[in-house]
Amino acid sequence: MLTSGGDCQALNAAMRGVVKTLANSGQDVEIYGFLEGYRGLIYGNFQMLTGKDFSGILTKGGTILGSSRTPFKTIRDPDENGLDKVDAMKQNYYKLRLDCLVVLGGNGSHKTANLLREEGLNVVTLPKTIDNDLWGTDMTFGFQSAVDIATYAIDCIHTTAASHGRVFIVEVMGHKVGWLTLNAGMAGGADIILIPEIPYDINKVIKKIEEREKNGSKFTILAVAEGAMSKEVAKMSKKDRKKYMENYKYPSVSYEVAAQIQEKTGREVRVTVPGHTQRGGSPCPYDRVFASRLGAEAGELILKGEYGFMVGYKNREIVKVPLDEVAGKLKYLDPEATIIKEAKLLGISFGD
Ligand code: F6P
C-alpha cells in the first residue's frame, strides 16, 4: 500500500478500511506499507504492517505512511544515479511477491498507477484529494473535510469584514479546478466566487462590490481559487501564459485582484490564505465514512482478485472504474452546471 501526492484527510481511514476488510476475511494477509509514496516503492523503503498499525487511526489526519510527489512527467527518466524508476518499482513488487499494489492518490498518482498496471502489476486505487478533480468519481475523500475548513475560514472573515466594512478575499486551494472554492464559497455566503473554469472580468467584480454598497452592504467577501484567472489570461496560449507567469509580481492571483480593487475603487482590501490548513487535521465524519466504505470495497476487490480499478463513487453508488479510463483526465466544473446557475440565482457573482 502507498499514499502518493499531496496528502488529505481520511487517507488513514481509507487504508484502515482496506486492511480491516482483508483481515476480517479470515485469510492470511501480509501488508507492506511503502513509505513516502512511490519513492518507497522505487527505493524499497517499506514496513511490514499488522492490524495494530491500523488501529486508532480512523480519526487521524495525514498519512501513517508519509507521502511525496513523484511527477509522472519524469517517471520514465532515470534518477540522479541512473536508476530506472519504473523498473525498480516492478523489481520491488516481484521481489516481495506482492499480490496487489494499493495506491491512494490523486491525478498524477493515477497516471503512474495505470502505467504500472500496463506494465503487468495488479493495482487497485482509491481517489484522494481535497480538489475533488479526479475523473470517474463524483467525490474524492478529503474534499468534504477541506470544504469544512475553508468554510470556517470564510465564516471567521465574515464577522471581521462586517465590523470594518472592508472587502475581503479568502484564497481557497485548487490550481486547476474550482470545486472546493465553489462549495466553501456557497457554504460561507461569499458574494463573489472566482474559479479557474469561469475566467473573470475585474470590472464585473468591481461592479458587484459597488452594487452591494449601493444596497447598503458595507463589506464584500470574495472566495478566490488559487487558479482563478482573468479573461485576458484565459485567452493566452500556453506559451504566452508561461511567459506572463514568469514576470508575475504578485504572490498569487488573490493579491492581484486585491490590488486592482483597491486601485480602482479606493476601498480597503485584505487577503487571507488558509493554505495547507485545508488539507490538515482530522477528517470530518462524512470523509471517515466515505473513505472507510471505499477502503472496504477495495479490500473486497483484492479478495476477489479483481485488479486494474479505481474504487469510486457515482450516482450515490460505490463503483469500480477501469484505471485506463481514469488516468490523465481531470474532472472540471462545468460552467453550465446547475449549481453555478443556482449560485447566480442566489446573487453570487462569478465575475463573468
Ligand atoms: O492537490 C492538492 C493541493 O492541495 C492543491 O489544492 C494545491 O494547489 C496543491 O495541492 C498544493 O501543493 P503543495 O502541497 O505541493 O504545495
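Reader: Leaving aside its neighbours within four places in sequence, which residues is Ser349 in contact with?

Author: Contact means heavy atoms within 4.5 Å. By that rule Ser349 is in contact with Asp191, Ile192, Ile193 and Lys208. This is a predicted model, in which local features need pLDDT of at least 70 and side-chain atom pairs count only at pLDDT 80 or more, while totals for chains, interfaces and linings use all residues. Residues are numbered from 1 along each chain as its sequence is written, and side-chain values use heavy atoms, with hydrogens and water left out.

Reader: Is Ser349 buried or exposed?

Author: Buried means under 20% relative accessible area, exposed over 50%, and partly exposed in between (1.4 Å probe, protein chains only). Ser349 counts as buried because its relative accessibility is 14%.

Reader: How is the chain divided into domains?

Author: Domain bounds come from an automatic or database domain assignment. Domain 1 covers 2–142 + 283–326, and domain 2 covers 145–279. Their C-alpha centres lie 34 Å apart.

Reader: What area do domain 1 and domain 2 bury between them?

Author: The size of an interface is often given as the accessible area lost when the parts come together. Buried area is that loss for two parts (1.4 Å probe), summed over both. Here the two domains bury about 930 Å², 49% of it on carbon and sulfur atoms. Gln9, Ile130 and Asp131 supply 49% of the area that domain 1 buries against domain 2, more than any other three residues.

Reader: How many salt bridges are counted between domain 1 and domain 2?

Author: A salt bridge is a side-chain nitrogen of Lys or Arg within 4 Å of a carboxyl oxygen of Asp or Glu. The count between the domains is one. The side chains of Arg279 and Asp7 meet in a salt bridge, at 3.0 Å from N to O.
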